[in-house]
Each structure stands twice: as C-alpha cells, then as structure tokens.
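Dear colleague,

Please find below the structure that I am handing over to you, together with its sequence. My findings follow directly after it.

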Amino acid sequence: KEEASAKAGKIAFCIVVGMGDDIVKGVDLVERYRRALGQLAKEAHACKAKSLALDCTSAAALLNKSPEYVAQQTAITLKIAEYHFDDYITEKSRKEKSLTDVMLVTDASHKDEVEQGINEGTIIANAVNQARHWVDTPPSNLTPQHLVTKAQEVAQRNNLKCTAFHEKEIIHMGMGGLAAVSRGSDVDCALII
C-alpha cells in the first residue's frame, strides 16, 4: 500500500522530528537542527525511504538564517549521516544507501542561493566523509606513504600546494614523538601539510 502511494505521487511516510525544548542549554538552534536532520536520516533509513523532501524556506525562517546557509547545513548533515565504512562488507544489500533523492523545497526567489548552498555543502560533506574513510581504513591498507600519494592527488586536482615530510626530515625537525610511533612498524612515518 505504501509503495503504491509513493508511485502515485502521494506521501508514503511523514516523519516528524523534534528539535528539543527552547530551554536546552549549551546547544544552539542550528546544532539542534543538525541533530534533528541526523535523526531524520536514521528514521528515513529505517523506513527504507528512497526520497526525502524538506521545506528549506520554513527551516531558514525558524533558524533565522539565509536559505543558502540552511541548504548548506542540510546537505552537509545528510551526506555525513549516510556515511558508513563498508569496504569489507561483501553482502550488497548492506552496502546500499537508502536515500537516492533529497529535495529542498524553497521559494523560486531563493532557488539560486539554495543551489549554491547545496553545492558547497556537498563539497564539504564529501571531504569530511573522505577523511572519515581514511581514518577508518586499517593502517595495513592505508600506510603513511599511501596517504601522501592520496593527499598529493587531492592537491593536484584542486590546484593546492602539498608538502610531505618523510621520516628523516621529521627526525631532523625534532619531531621525535612522531618518529617514535613509527619505530614499531617497517613503514616510515610521514607528515603532510
């Protein structure tokens, strides 16, 4: 029944996520919005939702922020929430992402700035998820030298400067603690700027 409703263009699920009391101390409204989006992503995944529509204009008014900023934060939060280190999972169904479509509904007058926010947010979230992936990768599969190569590729792709120091240079600069950590390995350490 729900699947038939979705195909007919009707809402199959209406997920409502709260943002907490106004008296929550130490957590600003934007952070509560991010947390609510994270919870929404979990609920959408539990429902096996394929698409999601969010009212960007109302969220911008609630947060007293520009639609571009809200779109950026929404894109960042939802992309980061979908991250799952699955390199060693062989069962395809456990690797599938449930959300394939996220739509931000806004006034036509804010279309360009919302698109700009989505683009910026997607870039930031992809960079965060790439860093998370590198952190989650076992050191036997991602050695410091592999990470130097990856950093140089990212720098070259984005016209950035990349400097890598290897073990002899690290010791010469007086960073003995970093060099000491790598003494337990047959792979030299590296420091990347």
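The notes below concern a pair of helices and then a single helix with its surroundings.

Please bear in mind that this is a predicted model.

The helix pair

Helix α3 comprises residues 56–63 and helix α4 residues 67–81. Their axes come within 9 Å and cross at roughly 105 degrees. Angles of 65 to 115 degrees count as roughly perpendicular, and α3 and α4 are therefore roughly perpendicular to each other. On the α3 side, the contact is made by C56, A59, A60 and L63; on the α4 side, P67, V70 and A71 meet them. By class, this contact of α3 with α4 has seven nonpolar residues, with no polar and no charged ones.

Helix α6

Helix α6 runs over residues 144–157.

Which residues of α6 are buried? They are V148, A151 and A155. These residues cover an arc of only 65 degrees around the axis, so they lie on the same side of α6. By contrast, the exposed residues Q156 and R157 are carried on the face of α6 that is turned away from its buried side.

Just after α6, the backbone at N159 takes a positive phi of about 55 degrees.

With kind regards

Terms used: Residues numbered from 1 in each chain as written. Predicted model: local features only at pLDDT ≥ 70, side-chain atom pairs only at ≥ 80, totals over all residues. Heavy atoms only, no water. Axes fitted to C-alpha atoms, helices over the stretch in contact; angles between N-to-C directions. Helix = DSSP H or I, 4+ residues; strand = E, 2+ residues; numbered from the N terminus. Parallel < 35°, antiparallel > 145°, perpendicular 65-115°, else oblique. Contact = heavy atoms within 4.5 Å. Nonpolar A, V, L, I, M, F, W, Y, C, P; charged D, E, K, R; others polar. Expected span 1.5 Å × (residues − 1). Buried < 20%, exposed > 50% of the residue type's maximum accessible area, 1.4 Å probe, protein only. Arc of directions from axis to C-beta.
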